[in-house]
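Work through the exercises below with the sequence and the model side by side.

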Amino acid sequence: MTSQPTRAIRKPAPLGSLGPLWVDPSQVPLLVWLSALVSVATFVMWGFEIQHSEMSAWNRFGSPLVGVVLVVNTVILALRSSWITAATLSTMVTCSVFLLGLLIQNLYFPLASQSYLTMLIAQYNPVFYLAAFAMFKKGAPLVCWAHYGAMTLIVLSSLLWPTGSEPIEVFQAKIMLIVIQPSYIVALSFLVRLRDEVTAKERAAQRDKEELLAMMSHEIRGPLQTMLSSVDLLSAKVSDTASRRALERLNMVTQQLDRHLKDLVEFTRLDNPELAIEYQAFDLVALIDAVIEDNAHACAGRVLSLHGPDWQVCSAEELSRWRSALGDSQRVRQVVNNLVSNALKYTSRGTVTVRLSTPLEQPQWVQIDVKDTGAGIPTDQLPLVFEPFVRLKSPDLPKAEGSGLGLAITARLIKRLGGRIQATSALGHGSCFTVVLPLQR
């Protein structure tokens with residue numbers, strides 16, 4: 001059986017998109033920290049200004065309102081990452097309304113520091129535009145032009161129906177708001193378009209690489225399968241020990257080469273940003289049991305045992321959540337299977353144990369620990385275990401065949417699933433690989 005060339009994967013509609021607006025879910029950690037920092041800064045500045053400077057009524061109540069919205073959205077992003085676009089949009093709308101309110105307050109109900117405040121608003125707007133382009137993968141120009149349009153209407157109305165005499169600096173600031181502000185949006189749009197063009201070229205190069213590798217894999221696997229079939233045929237005809245031993249070695253080497261090809265193709269596919277993750281309901285408990293059963297044969301004839309989770313000690317709530325998980329079950333199975341087979345390969349005697357638990361700080365996620373009693377990994381080489389084509393070198397480690405891609409593939413899969421992985425080990429005391437994955441979208 002030969003592999004078929006990899007077909008282009010159709011990317012589904014972005015998760016959490018709102019019409020033309022979309023924020024990349026991979027930016028959730030950044031946005032959580034950014035929202036938290038900006039909310040703290042907002043409250044600190046408000047507290048300082050209310051004590052040491054003149055404040056308008058809008059600023060007095062608007063600043064803490066913006067801070068509260070940021071705090072709420074920080075909590076939402078931390079608990080419900082699928083709401084990232086809605087939360088980000090609410091933050092931008094709140095900031096836009098606050099800036100427009102400041103502008104109305106300053107133009108129609110001016111304070112003594114009217115000139116300074118008008119220039120300050122003019123300086124805040126580019127920050128608003130930059131934030132929109134940084135956060136929205138799609139729809140940033142729409143958000144920016146909407147804000148600029150509302151601001152222009154306010155400024156034009158103040159020019160057509162002035163409330164009284166005003167300093168020349170205020171008039172100049174109004175003109176700057178109308179004339180100069182669009183240049184920021186145009187410049188940012190141009191930079192984003194350049195980024196998209198570069199990204200498109202990178203994706204095209206990635207597709208070409210995948211197609212080339214798929215074609216080579218298809219052409220090489222044909223002869224490999226022929227060799228395996230010939231070995232099986234010869235094994236049925238030869239009877240002497242030397243010939244059988246030679247055929248066994250040939251069969252082992254051929255299968256090893258086939259595994260290397262599969263690893264290389266899979267590793268290359270994971271580089272593709274268009275690789276789709278299929279979200280479907282699945283039973284994580286049954287999946288773990290199936291992986292344990294599939295790998296049990298590796299312990300045959302060895303002083304080694306493989307143990308799965310003890311479901312009796314798990315709470316009913318955890319079991320219910322794990323049995324109704326949502327995600328890409330094939331990818332999750334591949335991750336667990338890679339970790340278990342890797343542990344069995346590097347453990348000559350003792351036990352390999354798989355455990356499931358719920359992270360305290362993320363109750364909607366699952367933690368999977370694969371622990372072994374093998375030789376362990378030297379401390380200086382532990383950071384290298386997830387690097388591609390890396391084979392750890394140590395006289396204490398057992399020799400095992402492989403491409404050096406297994407854990408690199410696993411790490412990339414986990415990243416695509418939105419999770420994280422870490423390894424802990426002590427030489428002579430085994431290793432533990434910990435995976436934390438979301439169970440919901």
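**Exercise 1. The chain as a whole**

What percentage of the contacts in the chain with a separation of 6 or more is accounted for by residues 24 or more positions apart? Also state the number of helices and strands and the percentage of residues that count as buried.

Solution. The model is predicted, so that local features need pLDDT of at least 70 and side-chain atom pairs count only at pLDDT 80 or more, while totals for chains, interfaces and linings use all residues. Residues are numbered from 1 along each chain as its sequence is written, and side-chain values use heavy atoms, with hydrogens and water left out. Step one: with contact taken as heavy atoms within 4.5 Å, residues 24 or more positions apart account for 73% of the contacts with a separation of 6 or more. Step two: the chain has 12 helices and 9 strands, which are DSSP runs numbered from the N terminus (helices H or I, at least four residues; strands E, at least two). Step three: 42% of the 441 residues count as buried, where buried means under 20% relative accessible area with a 1.4 Å probe, protein chains only.

**Exercise 2. The sheet**

Determine the strand order of the open sheet of 5 strands, and describe how strand 9 is paired with strand 7 and with strand 8.

Solution. Step one: the order is 4-6-7-9-8, with mixed pairing, two strands being paired if DSSP finds at least two bridges between them. Strand 4 (304-307) and strand 8 (420-425) stand at the edges with a single partner strand each, so one side of each has no neighbour in the sheet. From one strand to the next, the twist averages 10 degrees, angles running from 0 to 180 degrees between N-to-C directions of axes fitted as lines to C-alpha atoms, for helices over the stretch in contact.

Step two: strand 4 runs parallel to strand 6 (residues 350-357), the two being joined by 4 bridges, and L306 stands opposite V352 in strand 6. Step three: strand 9 pairs with strand 7 in the antiparallel sense over 7 bridges, with V366 opposite L437, and its antiparallel pairing with strand 8 extends over 6 bridges, with I421 opposite V435. Strand 8 and strand 9 form a hairpin with 5 residues between them, and in the turn G428 has a positive phi of about 90 degrees. Step four: 7 of the 8 residues of strand 9 are buried, so this strand is largely enclosed by the rest of the structure.

**Exercise 3. A helix pair**

Describe the packing of helix 5 against helix 6 by the distance and angle of their axes, and classify the residues of the contact.

Solution. Step one: the axes of helix 5 (residues 140-160) and helix 6 (residues 168-179) come within 10 Å and cross at roughly 145 degrees. Step two: helix 5 contributes Y148, M151, T152, V155, L156, S158 and L159, and helix 6 contributes F171, K174, I175, L177 and I178. Step three: these residues divide into 9 nonpolar, 2 polar and 1 charged, where Ala, Val, Leu, Ile, Met, Phe, Trp, Tyr, Cys and Pro count as nonpolar, Asp, Glu, Lys and Arg as charged, and the others, Gly among them, as polar.

**Exercise 4. A loop residue**

Is L382 buried or exposed, and which residues does L382 contact beyond its neighbours within four places in sequence?

Solution. Step one: L382 is found in the loop between strand 7 and helix 12, and at 18% relative accessibility L382 counts as buried. Step two: beyond those neighbours, L382 is in contact with I377, A423, T424 and S425.

Notes
Buried means under 20% relative accessible area, exposed over 50%, partly exposed in between (1.4 Å probe, protein chains only).
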